[in-house]
Structures are given as C-alpha cells and as structure tokens.
Amino acid sequence: MKEKTDAMLETVTKTCAHLERTARDLGVVLSLTNDCIPDLEEILLSLKELNNEGALNGGVFMAGVYLGEILRQSLNGQWTFNEQYQQLALSVHANLFFPIAKAHKFVQNPQGDGLVFFAQSVISECRSPSKKMS
C-alpha cells in the first residue's frame, strides 16, 4: 500500500511541476495557492479554444491535480485512489472530493460553477465548525 501511495504522490508532484513549467512558457506563473485558481480556469479555457482533444484532456488532468494539491496542502488532506470511480480523489476529514472531475466538468460547462467556486465550497465545508480539524 505504501508503494501505491508513494507512486501516487510522485505522480501528483510531477504533474504539478509540469503544469507550472507549461504555464510559465505561456507567461503565467502558478503557485500552489488559492490565488492561482482563476489562472487554472483561464488555462483550461485557452486549451479548449485550440480544439485539440489530447491537449485538452492532458490539461484537464493537470489542472485538476493542481487544484487538488492546492486544497490538500491548505486543508491537510490526502490523495487517494477511488476504486469506484477509477480516479484520484482528495480525502479531507473523511470527505472525498474529485478535483479532476471538476476540471473536466468546468471545461464542458464554463458558465457553470467554476474551479474557484469548487475550491471555496470544499474549504468552507472542511473548515465549518462542525468539522474537527486535526
């Protein structure tokens, strides 16, 4: 199990670094903070305009992982692999969140609730007084 967790964390770390390099090439400086979440939305919208499904799918994965890593660090969460949905999930206080799926949903419907709203909702839910902070 530890090997699987280590491999997952290595994937997350490499994915975040790759997105930061790619964004920098586009003139966008990303950091693992809430302030850069609007930049993730802009990157995804720009990729959508290219009409390149491969690039868009890769961007969705990277942006979703990056969003999840921002939240993980902010909320002291953990990455896990959800067998039911066959995807990475963020576990915070016994709640599961799916930032990659949210990035995909955002690309499909940019006028809906965006990544910023998702992050604010997750943070609000996890920091509510009824939730115990570890």
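A search of the whole structure finds 2 salt bridges, a salt bridge being a side-chain nitrogen of Lys or Arg within 4 Å of a carboxyl oxygen of Asp or Glu. The model is predicted, so local features need pLDDT of at least 70 and side-chain atom pairs count only at pLDDT 80 or more, while totals for chains, interfaces and linings use all residues. Residues are numbered from 1 along each chain as its sequence is written, and side-chain values use heavy atoms, with hydrogens and water left out.

Helices (H or I, at least four residues) and strands (E, at least two) are DSSP runs, numbered from the N terminus. E10 counts as partly exposed at 42% relative accessibility, whereas K14, at 52%, counts as exposed; buried means under 20% relative accessible area, exposed over 50%, and partly exposed in between (1.4 Å probe, protein chains only). In the salt bridge between E69 and R72, the N to O distance is 2.7 Å, and these two residues lie 3 apart in helix 3, again about one turn. Here E69 is buried, with a relative accessible area of 8%, while R72 is partly exposed at 22%.

Helix 3 (residues 53-75) also packs against helix 2 (residues 37-49), at an angle of about 170 degrees and with the axes 9 Å apart. That makes helix 2 roughly antiparallel to helix 3, since angles over 145 degrees count as roughly antiparallel, under 35 as roughly parallel, 65 to 115 as roughly perpendicular and the rest as oblique. Axes are lines fitted to C-alpha atoms, for helices over the stretch in contact, and angles run from 0 to 180 degrees between N-to-C directions.

Turning to the strands, 3 of them form an open sheet in the order 1-2-3, with antiparallel pairing; two strands pair if DSSP finds at least two bridges between them. Strand 1 (78-82) and strand 3 (95-97) stand at the edges, each with a single partner strand, so one side of each is left without a neighbour in the sheet. The twist averages 40 degrees from one strand to the next. Strand 2 (residues 87-92) pairs with strand 3 over 3 bridges, and N95 in strand 3 is the bridge partner of V92. Helix 4 (residues 99-108) lies across strand 1, strand 2 and strand 3, running at about 115 degrees to strand 2.

Key:
Contact means heavy atoms within 4.5 Å.
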